[in-house]
Structure formats: structure tokens, C-alpha cells
Amino acid sequence: MATTINGYPSLPSKTVLQVVSGGRTTQTTHNSSTFTDVGVSVDITPTSTSSKVLVIVTGTLSNSLAGNQSSILLLRGSTSIGVGTGASNVNAFMSIIGEDDNYILFPFGQQVLDSPSTTSSITYKIQMNAINGVAKLGGRGDSTETGVPTVITAMEIQG
């Protein structure tokens with residue numbers, strides 16, 4: 001027999017409660033090792049402090065110079081999440097090293113299951129940096145012709 005809350009049946013754990021999505025369809029560039037906002041974010045307000053939020057980010061990344069690095073950082077508010085370990089300027093949610101040919105777009109799809117423990121509105125966003133060269137989100141490192149969407153999706157999962 002299902003349990004009830006206020007006379008209504010409760011949902012089982014791991015049920016998707018809401019899905020929100022945001023992003024951009026244009027290219028953007030950045031030429032510094034300092035991570036900066038790139039206009040890709042989404043807001044979600046969890047219904048329970050026990051909820052999890054699955055955050056998925058997809059797009060393409062490139063660098064204008066062969067052998068140089070471009071990285072993406074995922075943040076909940078001002079806190080980075082889903083990062084690896086290493087030197088502070090390369091601790092990232094996702095990174096690429098440019099090939100010998102800057103015509104290459106590196107497609108990516110990365111996700112993290114977050115436990116925000118709040119019922120307040122949360123902003124998830126990405127930032128980008130470049131270790132030498134120019135990092136480009138949504139296009140080839142050498143061209144302004146290609147425009148590949150960058151999408152961020154947040155799904156609240158019943159705790």
C-alpha cells in the first residue's frame with residue numbers, strides 16, 4: 001500500500017519532478033585562464049531539501065591554437081561542482097586540448113548529480129577559460145561560421 005501525504009499518494013523516490021533547460025545558440029569566446037560567465041545558465045527551485053538535481057551540459061568546445069586547453073566549469077550559485085583535481089586553473093567540469101588542426105569542434109556531454117539540500121531557487125551556470133589561445137564555445141576555433149547550441153538542463157529528482 002502506498003504511503004500518503006496530506007491525503008495524496010506520495011511519489012516513489014527517483015521520480016523526475018521537474019525539468020528546466022536553458023542555453024545559447026551563438027558562439028562565444030574567451031582568451032584568459034580566469035574562468036568567466038558565458039551566458040549559459042538555468043534556474044530551478046527544488047520542492048524538497050531531500051531532492052537531487054541532475055545537471056546535464058552539452059555543446060562543443062574548441063581552441064584557436066593547437067595543443068592548448070579550453071575548459072568548462074559548472075557552478076551552483078558561486079560554488080563549483082563536478083570538478084576534477086589538479087592545478088587550480090585546470091580543475092574543471094570538462095576540458096579539451098586542441099588538436100594540430102583548429103578546424104576541430106570537440107562535442108561534449110557532461111553531467112553531475114547534485115545534492116543542493118535547499119528549497120530556495122538555485123542557478124546552475126557554466127564558465128569557460130583558455131590556457132593560451134582563444135577558447136570558443138559553440139564553434140570552430142578558426143571560424144565564426146558554425147553556431148552549435150550549448151544547452152544546460154536541470155532535473156529535480158525525488159529524494
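Reader: Hi! Which residues touch the most other members of the largest nonpolar core?
Author: Ile72, Leu74, Tyr124 and Leu137 do, in a core of 26 residues. A nonpolar core here is a set of buried Ala, Val, Leu, Ile, Met, Phe, Trp, Tyr and Cys residues joined through side-chain atoms within 4.5 Å. Buried means under 20% relative accessible area, exposed means over 50%, and partly exposed is in between (1.4 Å probe, protein chains only).

Reader: Which elements give two or more residues to this core?
Author: Strands S5 (36–44), S6 (52–63), S7 (69–76), S9 (94–97), S10 (106–114), S11 (122–131), S12 (135–137) and S13 (150–157). The largest share comes from S11, with 5 residues. Strands are DSSP runs of E, at least two residues, and helices are runs of H or I, at least four, all numbered from the N terminus.

Reader: Before I go on, what kind of model is this?
Author: This is a predicted model, where local features need pLDDT of at least 70 and side-chain atom pairs count only at pLDDT 80 or more, while totals for chains, interfaces and linings use all residues. Residues are numbered from 1 along each chain as its sequence is written, and side-chain values use heavy atoms, with hydrogens and water left out.

Reader: OK. How many helices and strands are in the protein?
Author: The protein has 0 helices and 13 strands.

Reader: And what share of the residues count as buried?
Author: Of its 159 residues, 39% do.

Reader: Switching topic: how many salt bridges are there?
Author: The count is 2, where a salt bridge is a side-chain nitrogen of Lys or Arg within 4 Å of a carboxyl oxygen of Asp or Glu. In one, the side chains of Lys125 and Asp37 meet at 3.1 Å, N to O. Lys125 is in strand S11 and Asp37 in strand S5, so this pair ties together parts 88 residues apart in sequence.

Reader: Is Asp37 buried or partly exposed?
Author: Asp37 is partly exposed, at 44% relative accessible area.

Reader: What about Asp114, which side chain does it meet in a salt bridge?
Author: The side chain of Arg76, at 2.6 Å, N to O. Asp114 sits in strand S10 and Arg76 in strand S7, so the pair ties together parts 38 residues apart in sequence. Asp114 counts as buried at 6% relative accessibility, whereas Arg76 counts as partly exposed at 23%.

Reader: Last one: what share of contacts comes from residues 24 or more positions apart?
Author: Such residues account for 80% of the contacts with a separation of 6 or more. Contact means heavy atoms within 4.5 Å.
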